[in-house]
Amino acid sequence: MRFSPGQTVRVAARDHRGHHRTPGYLQGRTGVVERVHGAFTNPETRAYGADGLPRLALYLVGFAQRDLFPDREGHAGDRLYADVFEHWLVVVA
Amino acid sequence: MSDHHDHGHDHDHAPVTDAEEPEAARRARALEALLVERGVIEREDVRRGIDWLVSRSPTDGARLVARAWVDAEFRERLLADARSAAHELGLDPGPSPVVVALENSARVHHVVVCTLCSCYPRALLGPPPDWYKSLPYRSRAVSEPRGVLEEFGLDVGDKVEVRVVDSTADIRYLVVPRRPEGTEELSEEELAALVTRDSMIGVAEPTAPPVPA
């Protein structure tokens, strides 16, 4: 596991042809690792009949609601959490 | 493959009415026919899957919540590992390798959504309601959760932090709502009856307890 809870990470914003499980509204956004779920098969290969191996680390990442949707009048403390696979996360210095 | 629906599909549709089979249903039937024809699955597998799904209901999730309300140690175990906690009560937590219970409190309110499709703790809550799978809920639950909650009749108030959880992968999430006030005398079974499906998705509070005569 490359990341641990409390660590700040950014979701990669990249072109990805084919199936993946990283919602567009999170791409390029910065959040904090909340929990490490463990290692799971890769949905990006499993979607095409492969076994999804090797398994990839999956994290629950938390974001500030206002960072994601700045034009909405969200409350300052509101947060959004999503599960993101490790290869979609970038270290934030 | 006589009923093959074969135009690649990105155009808009007129609203699908009850009189007409939805596009998704036709597509599912075509896929099933093809998978059976190729020997990937058997019709019996599909039937068994449907039977399993419709046999599930929110009463299983409600049992977990009610037990957590009356048993502090069970509550700890549920929040640590909801799969094991379900097994402990003899419940089937389903095929997801990890099930997470999210506890609401006086400061935090959780709402679950799947923006990408319709991931849902089906084993513990049964089939998801239609609105859970609808595009408006899936998009607005993340962009304006408080507005969505208000439309469900829920005003969580300014002092409560709303936490939306988007189930984007293998994990299934279940909300543990707050125990309603005035339920100190109720049995675990009576408490479970107050725990609705919507309260375990996070768009409602549990049902208020019956007023004593």
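1. In this predicted model, helices α3(B) and α4(B) cross in the left-handed sense. Helix α3 covers residues 58–70 of chain B and helix α4 covers residues 72–80 of chain B; their axes come within 6 Å and cross at roughly 130°. Angles over 145 degrees would count as roughly antiparallel and those from 65 to 115 as roughly perpendicular; α3(B) and α4(B) are therefore oblique to each other.

2. Which residues make the contact between these two helices? From α3(B) come L64(B), R67(B) and A68(B), and from α4(B) come F74(B), R75(B) and L78(B). By class, the residues of the contact of α3(B) with α4(B) are four nonpolar and two charged, with no polar residue.

3. The domain assignment divides chain B into domain 1, residues 23–54, and domain 2, residues 57–201. Taken over C-alpha atoms, the centres of domain 1 and domain 2 of chain B are separated by 29 Å.

4. Chains A and B touch through 18 residues of chain A and 19 residues of chain B. On the side of chain A that touches chain B, the elements giving two or more residues are β2 (30–40) and β4 (79–85) of chain A. The most comes from β4(A), with five residues. This side of chain A comprises nine nonpolar, four polar and five charged residues.

5. Strand pairing also links the chains. β4(A) runs parallel to strand β3 of chain B (residues 161–166), and four bridges join the two. Within this pairing, Y81(A) stands opposite V165(B) of β3(B). On the chain B side, V165(B) is also the bridge partner of V112(B). β2(B) and β3(B) pair in the parallel sense over six bridges.

6. What is the strand order of the open sheet? The order is β5(A)-β1(A)-β2(A)-β3(A)-β4(A)-β3(B)-β2(B), seven strands with mixed pairing. At the edges stand β5 (89–91) of chain A and β2 (108–113) of chain B; each has a single partner strand, so one side of each is left without a neighbour in the sheet. From one strand to the next, the twist averages 35°.

7. Helix α8 of chain B (residues 135–143) packs on the sheet. The strands that α8 touches are β4 of chain A and β2 and β3 of chain B, and the direction of α8 makes about 150° with that of β2(B).

Terms used: Residues are numbered from 1 along each chain as its sequence is written. Chains are lettered from A and ligands numbered from 1 in the order in which they are written. This is a predicted model: local features need pLDDT of at least 70, side-chain atom pairs count only at pLDDT 80 or more; totals for chains, interfaces and linings use all residues. Domain bounds come from an automatic or database domain assignment. Two residues are in contact if their C-beta atoms, placed from the backbone, lie within 7 Å. Ala, Val, Leu, Ile, Met, Phe, Trp, Tyr, Cys and Pro count as nonpolar, Asp, Glu, Lys and Arg as charged, and the others, Gly among them, as polar. Two strands pair if DSSP finds at least two bridges between them. Axes are lines fitted to C-alpha atoms, for helices over the stretch in contact, and angles run from 0 to 180 degrees between N-to-C directions. Angles under 35 degrees count as roughly parallel, over 145 as roughly antiparallel, 65 to 115 as roughly perpendicular and the rest as oblique. A crossing is left-handed if the near helix is turned anticlockwise from the far one by less than a right angle, and right-handed if clockwise.
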